[in-house]
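Have a look at the structure, then read on.

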Amino acid sequence: MQILTDDRAPDGRIEREKIGRKPTMTSRERVLAAINHQQPDRVPIDFGATGQTGISVCALYRLREYLGLPKKDLDVFEMVQMLGVVDEDLRKIMKSDVIGMNHPEDSLGVMNTGAKKRFVMPDGTPTLINAGNEFDILPDGGVKMYPQGDRNAPPSIYMPSGGYFFDIIDRAPEYDEDNLTPREDFKNFFSVMSDETARHYEKESKRLFTETDYCVIGNLAGAGFGDPGAIPAPFEKHPQGIRKFDEWCMAQILYPEYVQEVFEMQTEFMLKNLEIYKQAVGDNIQICWVSGTDFGTQNAEFMSTDMFQQLYKPYYKRVCDWIHQNTNWKTFFHTCGCVVKLLDDFVDMGMDIINPVQLSAKGMDAHMLKEKYGDKLVFWGGSVDTQDMLPNGPPEEVAAQVTERLDILSKGGGYVFNAIHNIVGDTRAENIWAAFHAVHQYNETHFGR
């Protein structure tokens, strides 16, 4: 049975929306209120708008089936993590208030021309990827894919048999520590936005702004300084220089000038692209996704505050300053883990929104975060733990965790509902629905809608 305007409870019952409980804000107005630290008419929801608030195609396929939606091959918008595009039918059921505007090319550097090819996940989930991608299915069931769809280059990502996402393959040759050439090494890593891409953003942002009432988040990226998911460059045919994550971490101590030169180069390109992006999208987007670099582990920050302030903060501040001085956009940053010691620097450098708010990491206490930073940072996520509770817990405990965290984080605005990072491939559909049904019930109980 197809569900379009109904709520489905975790036990499978269908609950009709209550007549007369009309929202007083549009989705866009709701999110804008929240990110400006005002109390919206209900807790706003994000389901699948970014590469860190999304859902594995495998979990998405099962969720659609659970909710009675038509079966279909699912479009993929992020190739490494194999995240699925959330269609309008499901977005309505989940009551999402946010929609993402993605790159016209995927994370392997293959352009989305509209032509697709079928790719079946190890668990049988049927997906559609950009037609220009090339892949090999190995004898053991693993899969390798090629950068820019070029089989003359070494494969850049690998999914093991039975996997749900790809790992990035380290391909850069050994570097000469006595002859470091950062600008030469990264000359193919950064680029100025093409006219074709700018026209895509202009057209797509106008469509999303005028034809929907969603809050539009522009998933621009480009300022993920030192991002371990980008440095190995799955989109480059032949990466050079310091690209392995462990070597990059050591380079911050051994060769800080190298790291700074790369960041200086990255900032130059980012500022040029922001100028083009602004001309293309104007006020059609309300949020700009800036960076996905992780600065925290489960137990501590990746680096000292001194290192962050020396190597990272100045470049982030230049980017955030440009955005705040030239646009009305809010800046969106993703960083996992324990980042307690860096929060003051995040605020000072111009971070508006922090995601995923990993409350399971050491020191990331919800009460502390809301009390100390609730008027300075917007918390986007944190509603349910995707490492343990969401995939493994009973539905009623999933719902209870959501409700408990909403009570803390959503008061007075400054909060958008989402899980702690993407929903992973083996998560049960009933648990996903339990989490979102919990926020629907919370909104009905506390706001009457």
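## Salt bridges across the chain

D87 and K72 form a salt bridge, with their closest N and O atoms 2.5 Å apart; the term covers a side-chain nitrogen of Lys or Arg within 4 Å of a carboxyl oxygen of Asp or Glu. D87 sits in the loop between β4 (83-84) and α3 (88-94), and K72 in the loop between α2 and β3 (74-78), so this pair ties together parts that are 15 residues apart in sequence. Helices here are DSSP runs of H or I with at least four residues, strands are runs of E with at least two, and both are numbered from the N terminus. K72 is partly exposed at 31% relative accessibility, where buried means under 20% relative accessible area, exposed over 50% and partly exposed in between (1.4 Å probe, protein chains only).

Another pair joins D123 and R62, at 3.8 Å from N to O. D123 is in the loop between β6 (116-120) and β7 (126-130), while R62 belongs to helix α2, and the two are 61 residues apart. Both ends are partly exposed: D123 has a relative accessible area of 39%, and R62 comes to 27%. How many salt bridges does the structure hold? The total is 26.

## How the model was read

This is a predicted model, in which local features need pLDDT of at least 70 and side-chain atom pairs count only at pLDDT 80 or more, while totals for chains, interfaces and linings use all residues. Residues are numbered from 1 along each chain as its sequence is written, and side-chain values use heavy atoms, leaving out hydrogens and water.

The chain averages a pLDDT of 95, and 95% of the residues score at least 70; pLDDT is the predictor's confidence in each residue, from 0 to 100. Over residues 1-6 the value is below 50, and this stretch has 19 contacts beyond near neighbours in sequence, a contact being heavy atoms within 4.5 Å. Residues 9-20 also stay under 50, with 23 contacts beyond four places in sequence. Where pLDDT is low, the predicted coordinates should not be read in detail.

Helix α1 (residues 27-35) is mostly covered, with 7 of its 9 residues buried. Among them are R28, R30 and V31. Just after α1, H37 takes a positive phi of about 60°.

In helix α2 (residues 57-66) you will find Y61. Beyond its neighbours within four places in sequence, Y61 touches K71, K72, L74, T125 and P126. Helix α9 (residues 313-326) holds both K317 and D321, 4 residues apart, about one turn of the helix. Their salt bridge brings the closest N and O atoms to 3.0 Å.

## A buried arginine

R171 is found in the loop between β11 (167-168) and α4 (182-185). What is the nearest side chain of opposite charge to buried R171? That is E236, 6.8 Å away, and R171 has no salt bridge; Lys and Arg count as positive and Asp and Glu as negative, with His and the chain ends not counted. The R171 side chain does reach backbone oxygens: that of A233 lies 2.6 Å from one of its polar atoms, and that of E236 is at 2.9 Å.

## Cysteines

The model has 0 disulfides, counted as pairs of cysteine sulfur atoms within 2.5 Å. For C336, the nearest cysteine sulfur is that of C338, 12 Å away. C336 counts as buried at 13% relative accessibility, and C338 counts as buried at 5%.

Technical notes:
Polar contact = N/O pair within 3.5 Å; in protein donor to acceptor, adjacent residues only side chain to side chain.
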